[in-house]
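Hello! Here are some notes to read with the model open beside you.

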Amino acid sequence: MTGEEDVIYTGTIPTEFGTLTNAFLFQISDHKLTGTLPTQLGNLEKNQYGVFVNGNDLTGTLPTELGKATLASYAMQFQENRFHGPIPTEFGALTGLA
């Protein structure tokens with residue numbers, strides 16, 4: 001096979017991804033990413049579809065800043081990682097999720 005589906009990303013999620021403020025969707029699932037979710041991803045508040053980081057090896061807690069993505073209308077997927085701690089109360093503002 002050739003194409004983007006063959007690419008496996010490793011390392012950490014760059015904080016600069018938080019500058020993609022007009023992104024419709026943030027998806028970086030099923031790779032080998034490590035480290036924590038950058039708090040800068042909270043700047044994706046205009047994201048209209050959701051945040052998908054499932055299937056990696058991410059750790060730490062979920063950033064409260066992700067609760068600012070109030071336009072998200074589909075889902076946020078964090079499973080198959082090693083997050084710990086409670087779901088941030090700020091996620092209660094994400095009323096548009098399916």
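1. Two strands are said to pair if DSSP finds at least two bridges between them. Strands themselves (E, at least two residues) are DSSP runs, numbered from the N terminus. With that in hand, strand 5 and strand 7 pair in the parallel sense, over 2 bridges, and T59 stands opposite R82 of strand 7.

2. A word on provenance: this is a predicted model, in which local features need pLDDT of at least 70 and side-chain atom pairs count only at pLDDT 80 or more, while totals for chains, interfaces and linings use all residues. Residues are numbered from 1 along each chain as its sequence is written, and side-chain values use heavy atoms, with hydrogens and water left out.

3. In general, strands of a sheet pair through backbone hydrogen bonds, either parallel or antiparallel.

4. Strand 1 runs parallel to strand 3, joined to it by 2 bridges, with T10 opposite K32. Strand 3 is in turn joined to strand 5 by 2 bridges, again parallel, and here T34 stands opposite D57.

5. Strand 5 (residues 57–60) has two faces: L58 and G60 are on the covered one, D57 and T59 on the uncovered one. In a regular strand the side chains alternate between the two faces of the sheet.

6. Do look at L33, which lies in strand 3. L33 counts as buried because its relative accessibility is 2% (buried means under 20% relative accessible area, with a 1.4 Å probe and protein chains only). Its contacts (heavy atoms within 4.5 Å) include T10, I28 and L58, not counting residues up to four places away in sequence.

7. Where does S29 sit? S29 is in the loop between strand 2 (25–27) and strand 3 (32–35). S29 counts as buried because its relative accessibility is 13%.

8. The side chain of S29 makes a polar contact of 2.8 Å with that of N54 (a pair of N or O atoms within 3.5 Å; within protein, one must be able to donate a hydrogen and the other to accept it, and residues adjacent in sequence count only if both atoms are side-chain atoms). A polar atom of the S29 side chain also lies 3.3 Å from the backbone oxygen of F52.

How values were computed
Helix = DSSP H or I, 4+ residues; strand = E, 2+ residues; numbered from the N terminus. Buried < 20%, exposed > 50% of the residue type's maximum accessible area, 1.4 Å probe, protein only.
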